[in-house]
Amino acid sequence: MSGFAVAVQRSSSNLKVWTTNSKGAAIISTGNNQGNLTLDSNGNTTIWIEALASGGNDLTFLLVSGTTTVGILGKLHFVNYDSFI
């Protein structure tokens, strides 16, 4: 899909999105709520998510062309939970 990119958009800065589990490079930089994903030749990528607080934490995956959103590819909603042992 030449001319298109896949971006991830967060609903809150409570969500942090990383390229590795060691938090090497943030996909969404501080002060922004959207960042582009780097896909492999099969159109796949792996991301790591950290939710720092409870609430409405959503990640939306977008198909973009330049700065224009062409469509929504999917959405993930994160729900915090507690457990007692």
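1. (Buried means under 20% relative accessible area, exposed over 50%, and partly exposed in between, with a 1.4 Å probe and protein chains only.) Asn57 sits in strand β5, residues 57-65. Setting aside neighbours within four places in sequence, Asn57 is in contact with Ser11, Ser12, Asn14, Leu15, Ala51, Leu76, His77, Phe78 and Asn80. Contact here means heavy atoms within 4.5 Å.

2. A word on what you're looking at. This is a predicted model, where local features need pLDDT of at least 70 and side-chain atom pairs count only at pLDDT 80 or more, while totals for chains, interfaces and linings use all residues. Residues are numbered from 1 along each chain as its sequence is written, and side-chain values use heavy atoms, with hydrogens and water left out.

3. Now the overall layout. The protein chain has 0 helices and 6 strands, so helices and strands deserve a definition: they are DSSP runs numbered from the N terminus, helices being H or I with at least four residues and strands being E with at least two. Along the sequence the pattern reads β-β-β-β-β-β. The C-alpha atoms fill a box of roughly 50 × 25 × 25 Å, taken along the principal axes. Among contacts with a separation of 6 or more, 56% are between residues 24 or more positions apart.

4. How much of the chain is buried? Of the 85 residues in the protein chain, 24% are. The chain exposes about 5,900 Å², and carbon and sulfur atoms supply 51% of that; the areas come from the Shrake-Rupley method with a 1.4 Å probe, and for residues only the protein chains shown count as cover.

5. In soluble globular proteins, nonpolar side chains tend to be buried together. Here the largest nonpolar core has 9 residues: Val6, Val8, Leu15, Val17, Ile27, Ile28, Leu37, Leu59 and Phe61. The elements giving two or more residues to this core are β1 (5-10), β2 and β5.

6. Which side chains meet in a salt bridge? Those of Glu50 and Lys23 do, at 2.8 Å, N to O. Glu50 lies in strand β4 (residues 48-51) and Lys23 in the loop between β2 (15-18) and β3 (34-36), so the pair ties together parts that are 27 residues apart in sequence. A search of the whole structure finds 1 salt bridge, meaning a side-chain nitrogen of Lys or Arg within 4 Å of a carboxyl oxygen of Asp or Glu. Both partners are partly exposed: Glu50 at 24% relative accessibility, Lys23 at 40%.

7. Stay with Lys23 for its backbone. Most residues other than glycine have a negative phi. Lys23, though, has a positive phi, near 60°.

8. Last stop: Phe4, in the segment before β1. Phe4 is partly exposed, at 39% relative accessibility. Not counting residues up to four places away in sequence, Phe4 touches Leu63, Val64, Ser65 and Val70. The C-alpha atoms of Phe4 and Ile49, 45 residues apart along the chain, are separated by 24 Å.

Terms used
Core = buried A, V, L, I, M, F, W, Y, C linked by side-chain atoms within 4.5 Å.
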